[in-house]
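Subject: Model handover

Hi,

The model is below. My notes on it follow.

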Protein chains: 2
Amino acid sequence: MELDETDRAILRILQEDARTPFSEVARRIDMSSATVHDRVNRMEEAGVIEGYHASVDPKAVGYGVSAFVGLRVEQGREEDALERLREIDGVCEIHLTTGEWDVILKVVAADTDSLRELMFESVAEMEGFSRSQTMIILGTDYEADGPPV
Amino acid sequence: MELDETDRAILRILQEDARTPFSEVARRIDMSSATVHDRVNRMEEAGVIEGYHASVDPKAVGYGVSAFVGLRVEQGREEDALERLREIDGVCEIHLTTGEWDVILKVVAADTDSLRELMFESVAEMEGFSRSQTMIILGTDYEADGPPV
DNA sequence: GTTGAAAAAATATTGAG
DNA sequence: CTCAATATTTTTTCAAC
């Protein structure tokens with residue numbers, strides 16, 4: 001789908017606050033809310049807009065520790081291994097990567113004890129992985145609302 | 001702030017679709033929409049809900065390549081270095097971590113050429129960093145809407 | 001593609017249990 | 001904390017340009 005500057009302006013507003021009323025989006029980009037509605041619908045259908053998500057503070061819901069986890073997967077066990085990773089509570093993202101690791105996870109845990117459990121009882125126990133490394137997130141200095149548009 | 005099961009149920013719904021009308025949230029958790037409204041307000045004020053964001057497909061807006069970038073920061077240059085990283089177009093996340101890297105970035109770029117530019121003209125040029133490693137994301141197998149609630 | 005206007009629906013607010 | 005009722009806004013639809 002081809003996006004013009006109007007579409008991008010709408011995206012930028014909804015990236016920042018997905019609950020902005022279309023009527024206000026319309027005011028800001030100087031168009032009617034019917035147009036905004038129409039364009040948003042088309043972008044949803046085309047998959048440009050994948051969804052709308054409330055961002056919840058992990059600490060507020062009991063997760064004091066976040067980490068990236070690098071994993072090496074044994075040849076030929078990729079699909080099986082990934083399937084099982086997804087089931088583990090606390091695993092928030094699973095990325096396949098080039099470089100030092102085959103898989104990079106983002107995980108959350110209540111505390112370091114829980115993280116240890118997650119790593120040694122869930123991940124390390126699993127067959128198909130060789131090496132792993134846990135990189136605890138000391139702080140997140142910056143987090144954009146999505147890709148620049 | 002203390003969260004009860006009702007708050008958590010509301011959070012789960014809004015994590016999945018932040019534009020769900022409060023009236024429907026109310027139906028689903030079997031409460032009045034005024035209650036939902038009240039609880040959402042309190043969770044917003046308490047910072048439990050950090051915001052609402054439209055999730056935009058990076059490919060649809062011209063970013064064909066995503067990557068994690070690990071960086072080593074020279075002693076004593078941390079603040080300065082982080083400040084400048086934030087300015088670079090395409091840098092979406094900046095995390096301070098333990099382990100092999102001091103900083104892990106998530107970046108997006110139009111293509112591998114752009115990524116190369118980003119790394120060698122923006123990041124590598126910057127003083128304060130020693131080693132870096134780029135881990136290109138071949139695919140994202142799973143991405144939760146946020147922490148489990 | 002865009003618009004304005006009407007109808008339907010949702011949100012914000014208030015007052016009371 | 002919860003609700004019902006109300007007033008205000010917004011979403012949604014549609015004929016017309």
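In this predicted model, a phosphate oxygen of DNA strand D is 2.8 Å from an N or O atom in the side chain of B:T35. That is a polar contact (a pair of N or O atoms within 3.5 Å; within protein, one must be able to donate a hydrogen and the other to accept it, and residues adjacent in sequence count only if both atoms are side-chain atoms). The elements giving two or more residues to the surface near DNA strand D are α2 (22-29) and α3 (33-45) of chain A, plus α3 (33-45) of chain B. Helices (H or I, at least four residues) and strands (E, at least two) are DSSP runs, numbered from the N terminus. α3(B) gives the most, with 5 residues.

The backbone also takes part: a polar backbone atom of A:S23 is 3.0 Å from a phosphate oxygen of DNA strand D.

Now chain A. β4(A) pairs antiparallel with β2 (residues 65-73) over 7 bridges; pairing needs at least two DSSP bridges. A:A67 stands opposite A:V107.

Conventions: residues are numbered from 1 along each chain as written, and chains are lettered from A and ligands numbered from 1 in the order written. Local features need pLDDT of at least 70, side-chain atom pairs 80 or more, while totals for chains, interfaces and linings use all residues; side-chain values use heavy atoms, without hydrogens and water.

Best wishes
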